[in-house]
Amino acid sequence: MKTAVRGDVLSFRGNPFREAERDCLAFQRDALVVMENGRIAACGPAAELLPTLPADLAVAHYPDHLILPGFIDCHVHYPQTEMMAAYGEQLLDWLHHYTFVTEQGFADETHAREVAQVFLSEQLRNGVTTGCVFGTVHPASVEMLFQEAARINLRILAGKVCMDRHAPPALLDTPLTAYEQSRALIQRWHGQGRAEYVITPRFAPTSSYGQLEMLGALAAEFPDVAIQSHISENLDEIAWVKQLFPGCRDYASVYQRYGLLRPRAIYGHGIHLSDEELDAFRDSGASLAHCPTSNFFLGSGSLNLRPCVESARPIPLGLGTDLGAGTSFSMLQTMNAAYMAAQSHGKPLSAVQAFYLATRGGAEALGIADKVGRIAPGMEADLAVLNLRSTPLLDFRMRYARDLSEALFIQMMLGDDRAVAATYVAGSRAYQQPR
Ligand code: GUN
Ligand code: ZN
């Protein structure tokens with residue numbers, strides 16, 4: 001099926017942390033994005049392309065809007081949707097008092113399906129078209145999420161959490177069941193439509209040596225399968241890892257020892273990584289997910305992204321909401337927090353850099369940049385359409401925006417779900433904001 005949208009189109013042809021911003025931006029005023037069979041068939045000036053289209057093709061016209069690649073959330077826990085805004089704790093207490101209580105509810109498949117539906121519809125309301133998502137320890141939690149995502153043809157990456165210690169008994173698997181259940185989910189879902197399986201040890205403290213070994217073996221068996229986990233988020237967590245793994249030099253060495261640092265392995269946070277650990281990421285090709293709203297919410301600290309992105313050997317970096325420690329589904333709000341985090345390390349994050357991280361940068365970090373993250377012929381047709389005047393304040397403020405980068409900066413500082421006018425998934429409109 002052929003569809004088309006018309007408006008100002010923004011995408012990235014280069015990396016604004018490494019090249020001049022103007023060379024990275026692909027901005028076209030009054031362009032047409034033509035989509036066919038889930039992919040972008042053409043993108044160019046509306047005046048040129050319109051005459052080439054069948055006369056009966058309805059074109060969705062978005063004047064005064066910005067058409068972007070769909071946003072990519074590189075690190076998020078769908079089961080935690082129901083416990084966002086849980087008061088008063090830092091990471092380890094927050095996990096025990098809130099997270100591990102909530103996640104037990106996912107033994108119930110009906111509940112898991114309901115939460116998956118709410119989660120995916122919130123993502124679409126926020127222009128997010130791909131997430132790299134944690135389930136719970138229950139394989140059915142991932143099954144439900146994949147089923148619901150398949151219904152709307154979303155590109156999604158997800159995995160069953162593996163943990164066999166330091167959590168309530170109802171949430172524990174074993175080295176063998178973690179391996180077998182993850183393997184069965186790979187065989188059932190990996191590469192099925194737009195789904196990809198992700199091997200998902202929760203984090204080092206909740207996996208025994210035996211479990212990490214089994215998951216390393218699984219990763220070796222499936223070298224193209226992504227891996228996700230957490231690293232170096234909180235100082236007490238880091239001290240605990242030192243105690244639990246006295247034979248490892250540091251936190252990154254734990255994952256490295258078990259073969260879990262490699263290309264397409266993406267770790268949330270990495271706020272307190274040492275220079276040696278950053279080098280281990282560089283050597284291995286593993287990625288980081290920057291989760292600033294979560295880091296501020298849990299009082300964890302904040303990532304200094306410069307050593308990752310500006311190094312001669314950069315570490316692929318994407319943005320994550322990390323719900324439910326994260327406080328918003330909105331990637332605009334996540335960019336807002338990323339700006340604050342960058343400021344706290346002495347150098348601002350530009351709007352062009354932030355939008356890059358939320359789109360193409362995220363796709364690179366997840367190893368799917370050949371499929372999504374850009375608007376160009378051949379890419380999968382996932383789009384977010386932003387209304388640049390979505391609130392009275394934005395309507396007023398935008399009158400004074402002098403150029404594109406200022407307009408983008410205003411959106412990421414003041415915009416949220418209200419700015420998302422429509423979301424397209426594989427060429428079909430999957431969400432339209434009610435008037
Ligand atoms: N570390 C281990 N599990 C989690 C989690 O669910 N959320 C966050 N923010 N950090 C974690
Ligand atoms: Zn997380």
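A residue counts as buried when its relative accessible area is under 20%, exposed when over 50%, and partly exposed in between. Keep in mind that this is a predicted model.

**Exercise 1.** Work out what share of the chain's residues count as buried, and whether the radius of gyration agrees or disagrees with a compact globule.

*Solution.* Start with burial: 61% of the 435 residues fall in the buried class. Next, take the globule rule, which puts a compact chain of 435 residues near 22 Å. The chain comes out at 21 Å, so the two agree. Finally, look at contacts with a separation of 6 or more: 75% of them are between residues 24 or more positions apart.

**Exercise 2.** Find which elements the Arg113 and Glu148 pair links, and say whether Glu148 is buried or exposed.

*Solution.* First, check the pair: the closest N and O atoms of Arg113 and Glu148 are 2.7 Å apart, and the two form a salt bridge. Then place them: Arg113 sits in helix 4 (residues 109-125) and Glu148 in helix 5 (residues 139-151), 35 residues apart. Last, compare with the cut-offs: Arg113 has 26% and is partly exposed, while Glu148 has 6%, so Glu148 is buried.

How values were computed. Residues numbered from 1 in each chain as written. Chains lettered and ligands numbered in written order. Predicted model: local features only at pLDDT ≥ 70, side-chain atom pairs only at ≥ 80, totals over all residues. Heavy atoms only, no water. Rg over C-alpha atoms; globule rule 2.2 N^0.38 Å. Buried < 20%, exposed > 50% of the residue type's maximum accessible area, 1.4 Å probe, protein only. Contact = heavy atoms within 4.5 Å. Salt bridge = Lys/Arg side-chain N within 4 Å of Asp/Glu carboxyl O. Helix = DSSP H or I, 4+ residues; strand = E, 2+ residues; numbered from the N terminus.
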